[in-house]
Amino acid sequence: MIMLNDKKTLYLITIVTSVLMIMSFATYRIIRDGSDTSKEAIIVGFVYDGDESTPYTANFIKAQKALERKLGKKVKIHVKSNILDKDGVEQALADLVDSRCDIIFTTSFGYGEATKKYAGMYPDIQFCQATCLNANDDPAYGNYHTFMGEIYEGRYITGAIAGMKLQEMIDNGTITKEEAKIGYVAAYPIAEVISGYTAFLLGARSECPDAVMEVKYTNTWSSYTIEKSCADKLIDDGCVLISQHSNTTGPAVACEERYAEKTVYHVGYNQSMIDVAPTTSMISCRINWESYVIGACEAVLADEKIEDYVEGVVHGNDIGAGFDKGWVDILELNSLIAAPGSQEKIDELKKKFVHDDIDVFRGDYTGVDPEDPSKTIDLKNGYKENEKYSAPTFSYVLKDVITIIE
């Protein structure tokens, strides 16, 4: 039996009682003033302009599945697929809001206006828009975010691999220097696309100084028939290597089908296209959305600001990164047809990008604004891509080495 007049016992009881009171008071404060607002689980929405059959959307679905694998029961997923017009986007967002989503990812540039509008209407939901530049524009909302990988890095490297192949073809007499012409199937004449094909050509010219480019716009993000037709037109026009900023395998299939009659190679985007074009498709690059999607959801679970939680280059409510943070991937190299030394070149250039040792948009070139030819830029002084935004901003067509065809 404990004797209450035992001074040592009384001292211990006093200490224990004090600790319990402090713990109780701390718990009361957390409940009362919301100091701990972390969540056990969240509802996550995705709005896609395609589905798993289109490479661009398939990349986001990979990130979605990686999220489910990593966070398991901590996330419940709602998906809206094949959303192609403004009315459809607004309805998809309304449905996800009604589903009590805590965070919504919208994945097409064209969704930006509607997504920001909904962010203003629903401040308790985090809205994350891929490939846009409007996060910091007035009105700026704390719950509206933009994000994108610095894909020009991947374009430059795959361009270098294309250049190595072109130079090999020149050296072995398959083509002449004058025939080192790249065809590029491009979706729209916007900065994201122009920046990409410019980086690709500059990468190619780093290995094959005679390389030039013809660009044909599809004016759609995702049409197998139109993309394949554009690639065929470029091949007919003398292009011996085709690349793309478009969402289907149409250009790769065009190269494969035409190879028997004419030597032509292919470089893809968003997914490896070697399976559909094993004779002609050499390599692809893609943005890896996993770091952002997983990090943003973890931030919401922890009740932290997304830009404070995700690793990348932050511009207000906008964030991006390249090879340094795993936001860009170079996909499988088709070593059966790539020029010797291609893998070593990939490894070398990736290291240079990680250490910021490559100045891509620099050289003896003049860029012309396609909307106003009187506006030009001299690249002797260089242009720093992604300096202010995660989305690309370079939108000049290089004079004499890039031609836009109808």
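Start at Phe60: with a relative accessible area of 1%, Phe60 is buried (under 20% relative accessible area; exposed is over 50%, partly exposed in between, 1.4 Å probe, protein chains only).

A word on the model. It is predicted, so local features need pLDDT of at least 70 and side-chain atom pairs count only at pLDDT 80 or more, while totals for chains, interfaces and linings use all residues. Residues are numbered from 1 along each chain as its sequence is written, and side-chain values use heavy atoms, leaving out hydrogens and water.

Show helix H2, residues 55–71 (helices are DSSP runs of H or I, at least four residues, numbered from the N terminus). Tyr56 and Phe60 both lie there, four residues apart, about one turn of the helix. Their rings form an edge-to-face pair, 5.3 Å centre to centre with 70° between the planes (pairing needs centres within 6.5 Å; edge-to-face means planes over 60 degrees apart, stacked under 30, tilted the rest).

Next, the largest nonpolar core, with 95 residues (buried Ala, Val, Leu, Ile, Met, Phe, Trp, Tyr and Cys joined through side-chain atoms within 4.5 Å). Ile103 and Tyr197 are among the residues with the most contacts inside it. Helix H5, residues 152–171, gives the most to this core: ten residues.

Finish on two charges over rings (NZ of Lys or CZ of Arg within 6 Å of the ring centre and within 35 degrees of the ring normal). Arg155 has its charged end over the ring of Tyr269, 3.7 Å from the centre. Lys165 does likewise over Tyr265, at 4.7 Å.

Methods. Helices (H or I, at least four residues) and strands (E, at least two) are DSSP runs, numbered from the N terminus. Rings of Phe, Tyr and Trp (its six-membered ring) pair if their centres lie within 6.5 Å; planes under 30 degrees apart count as stacked, over 60 as edge-to-face and the rest as tilted.
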